[in-house]
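Please view the sequence and the model together while reading.

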Amino acid sequence: MSSTRSHDATDAHGEIRAAVVDAPGASPRVRSVTLPPRTPGSTLMAVVAAPVNPLDLVIASGTFHSARHEAPYVPGSECVGVVLASDRYQPGSWVYAECHASPDTPGSLATQVVVDDKNVLALPEGIDPVQAAAVGNSGTAAFMPLVEEAGLRSGETVLVLGATGAVGQLAIQVAHRRGAGRVVGVARDRSALERLPALGADAILDLRAEESAEALAERLRAAAGPVDVVLDGVYGMPLEAALQVCAPRARIVNVGNPAGATARLPAGLLRGKQLTLSGFAGLHTPLRAKEAALTWLWTSLGRGELRVDVRTFPLDDLPSAWQAQAVSPHAKCVVVPQDGGLHKHTGTTRTPRDRSTHP
């Protein structure tokens, strides 16, 4: 790793290394910034693993529906790290944190971050910090819609639209391990789709250019049969097709819309099948409401029951991680800001290891 400065605390001027987005649509660059001082009720932590999420990119683009920052800011929506100073958490302890980045509140793509205590959770003993970070945002976006929102029941058929992304891959595994009778994954990349049966998919289906919703619905019907639960990560035409193969009283939860901002929903179909269509937004869900999901995810990771492909990047190579995420890497891009010697400064031994995989 490229950073070599001490991580015991910020220096006398609060200078840290961080990614900075200078204006909407600008690519991030890494430079020194001043970290605001920790105040009562917040935790200062050394960042060990900070995922680059689609949310980070869309906020930085200036097109996100819920946030737009005109002034420079440090992006990053989540991380795992080691506590340096806190009124609630023991210095040297490992924690997971959610960050609501803004010009006034630096995010997690930095060597250090200050986070409100309500957005910090203690990490289970012994879990790998990079893997733990990798299933945070993505894992809750898979688990909560399937298990808590849709109420997945044993034996039901689950359809995952956008199954080769980080959320989709975890959704396949969650559905399989929570007792789904049949799990079907749908996405565009055929080679990435072919990895899904090893994760628990019973069938896979590729999206085809210029295909109509009716044609896709016929293929979905043959692959899945009547569908009880849909985790929709794409919206647009694929969702229109999925609605046609839903069983009566099916539950559909949308978590993203790369296939389009709109979808046609015939009133007769909605009422005739008595469908439930809802949306899940992790950004608007408090961390404490995610605790049960994260506990399940971290416990499953610790038991070796979940697989997540991770590509790690040093902080100074953040532009490469940003670019990789922009082209849908079928893996989780995680920035590792430290120099591999964090334990020298904090007394900890759970240092991240490079586990890069290539999609």
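The model is a predicted one. Its largest nonpolar core comprises 54 residues, and Leu 123, Leu 146, Val 158 and Trp 298 have the most contacts inside it. Helix α9, spanning residues 287-302, gives the most to this core, with seven residues. Another core, of 33 residues, lies apart from it, and Val 21, Ala 67, Cys 99 and Ala 101 are among its members. In soluble globular proteins, nonpolar side chains tend to be buried together.

Helix α3 (residues 137-149) packs against α9 with an angle of about 105 degrees and a distance of 9 Å between the axes. Because angles of 65 to 115 degrees count as roughly perpendicular, α3 is described as roughly perpendicular to α9. On the side of α3, the contact is made by Gly 139, Thr 140, Phe 143, Met 144 and Glu 148. On the side of α9, the contributing residues are Ala 289, Lys 290, Ala 292, Ala 293, Leu 294, Trp 296 and Leu 297. By class, this contact of α3 with α9 holds eight nonpolar, two polar and two charged residues.

Helix α3 is largely enclosed by the rest of the structure, since ten of its 13 residues are buried. The buried residues of α3 are Ser 138, Gly 139, Thr 140, Ala 141, Ala 142, Phe 143, Met 144, Pro 145, Leu 146 and Val 147. At Phe 143 the helix α3 bends by about 30 degrees, and a proline, Pro 145, follows within four residues. Phe 143 also takes part in the contact with α9, while Leu 146 is one of the residues with the most contacts inside the largest core. Just after α3, Gly 151 adopts a positive phi of about 65 degrees.

Two further residues are set out below.

Leaving aside residues up to four places away in sequence, Asp 206 touches Ala 187, Arg 188, Arg 190, Leu 193 and Arg 219. With the same exclusion, Gly 25 touches Ala 60, Ser 61 and Gly 62. Gly 25 and Val 310 stand 285 residues apart in sequence, and their C-alpha atoms are 26 Å apart in space.

Note on methods: Residues are numbered from 1 along each chain as its sequence is written. This is a predicted model: local features need pLDDT of at least 70, side-chain atom pairs count only at pLDDT 80 or more; totals for chains, interfaces and linings use all residues. Side-chain values use heavy atoms; hydrogens and water are left out. A nonpolar core is a set of buried Ala, Val, Leu, Ile, Met, Phe, Trp, Tyr and Cys residues joined through side-chain atoms within 4.5 Å. Buried means under 20% relative accessible area, exposed over 50%, partly exposed in between (1.4 Å probe, protein chains only). Helices (H or I, at least four residues) and strands (E, at least two) are DSSP runs, numbered from the N terminus. Axes are lines fitted to C-alpha atoms, for helices over the stretch in contact, and angles run from 0 to 180 degrees between N-to-C directions. Angles under 35 degrees count as roughly parallel, over 145 as roughly antiparallel, 65 to 115 as roughly perpendicular and the rest as oblique. Contact means heavy atoms within 4.5 Å. Ala, Val, Leu, Ile, Met, Phe, Trp, Tyr, Cys and Pro count as nonpolar, Asp, Glu, Lys and Arg as charged, and the others, Gly among them, as polar. The bend at a residue is the angle between axes fitted to the seven residues ending there and the seven starting there.
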